[in-house]
Amino acid sequence: PVPALFSQMPAMLRGARVASRLQPLAAPHVRAASTPAASSLPAPTFAPVKFQKEDVEAVMAELPSFNFYEVKEPEPNPYASSTLDKSILLDPPAPALVAPKTEFSQLENGMKVASIDKGGLTARLGLYVNAGSRFESTSNFGVSNMVSMMSYASTAHLSQLRTVKTLEQLGCNATATCKAGREEIAYTAAVAREFTPLVVPLLVGNVLFPRLLPWEVKAAVKKVKEGRTALEGDADGMLSELLHKAAYCNNTLGYSPHASERCLPYFTPETIRAFLLEHFAPERMVLVGVNVQHSELSKWAMRSFADYNAIPPKKREEAKASYTGGDLRAEGASPFCHLAVAVESCPWGQKELAPITLLRTILGGGNAVSSVPGSGVTSRLATQVVKQSPYVESCSAFNSSYSDTGLFGVYGVSHPDKAGEMCTSITKAMTGLTSVSKDELAKAKAMLKGTLFRQMDDDALLMQDMGSQLLISGRYGGPADFAKAIDGVTEADVSAAAKKLLSGKPTVAAFGDTHSVPHYSAVEAALKA
């Protein structure tokens, strides 16, 4: 869903070939970027989970030993009495190796639960809700951001102080987050796996029983100004805002996931509660766990909802994103010129997404200070843009896929006086995508599949990807499905995808010192040449 540049949702295929500062730019919102058509993904079998009335004392007995002041060991330490002159590794217990398996279930109220147990000691839990800034209106602009600011506050069961102290005691106060994006709101936490039964109710409590006390809401108002100040100091974040606002002018994805001071009149308990009631229905939620037993995750999810009288779901109007294209620039404190040139791409789950993602891999990225192996030194942007000018600091391709549209383009950073030259080089590299050699395509396929499989070892990315796929389509495709889609792409597919991309109206966004950025019509003409 995460408000990094061009991204509020998981990125299964992060761009590992660019500078660390550019990683959130090149690895935008790809949702398993090589995804085949949604209908061709395997439809998971959801095991039904029935609500049950259980004895409270019996349920409490299953919880791991925990109190407000200390966490006891779940089982006695067998090495507690071992002295330093005794090796504890002479007869280590044989590990019980079990191949990771993705499992799915669904509660009676429609909420989906998915998990994969890789045997890790740290469980990652995520509650994803199909809500975000694209569902806002003129009466509640900024409410998605306000919802995230009110996370982990007082609920019907715990005060804000007790919630915070509990998270601290469990060791997940630094990992318990809530991030609002354009299409989803994600509550996440990482905790020792034995304490999963304690964290699941805390996550669910955010969406079911928030008290939204007036004084807590008032105290959170100051976060709006702090967040806005931080955003204005982040050139990458500002460019993302400008790009989406220009690409989807005055509709859906053009609405900012960041609240502004102009939104403060809407920052009230009533506005937030109305948004929760309208969008936070169980059938629009997905609970994901990595390194947890699926039976445990499903059981505690069921218990968290068992006594909840669900409000009957009502159909909401979901306006389709309307790509407008356009030009938007803003002067900022950055000494560089940050420029993005984009065109409309296809939405997630479409057949064209695999060749488009390969086009992004072919463009790649590079920067002026790193030329280590794997940083993209042989990609088109690195050789045709970065290496050709000492004034270009970095340049990287991106592809952001949403539920009904997408953005494909290039982001570059250069000396202000040379922004025009960089823009010319970028448009030339983009138009050159209509011609891709067989060897270049084969290398891009290998790089993309390698990145895909390596990143499955990242628990956080795996959790995000599972949550987003299930939230948007109700289906989940693993690395093998995506690798198959990549292998099936031909040179003709890539060329056709490039021609279709370039036939649309471009979007240009610039931030920082923008005095030498070419006129929009010049960029548009260059992409048509």
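Start by selecting Gly 365, whose bridge partner in E11 is Ser 396. Strands here are DSSP runs (E, at least two residues), and helices are runs of H or I with at least four, numbered from the N terminus. You are in a predicted model, where local features need pLDDT of at least 70, side-chain atom pairs count only at pLDDT 80 or more, and totals for chains, interfaces and linings use all residues. Residues are numbered from 1 along each chain as its sequence is written, and side-chain values use heavy atoms, leaving out hydrogens and water.

Now show E10 with strand E11 (residues 392-401): they run antiparallel, joined by 3 bridges (two strands pair if DSSP finds at least two bridges between them).

**Stop two: a loop residue**

Next, pick Thr 155, in the loop between helix H3 (143-149) and helix H4 (160-170). Thr 155 counts as buried because its relative accessibility is 12% (buried means under 20% relative accessible area, exposed over 50%, partly exposed in between, with a 1.4 Å probe and protein chains only). Leaving aside residues up to four places away in sequence, Thr 155 touches Gly 205, Phe 209, Pro 210 and Arg 211 (contact means heavy atoms within 4.5 Å).
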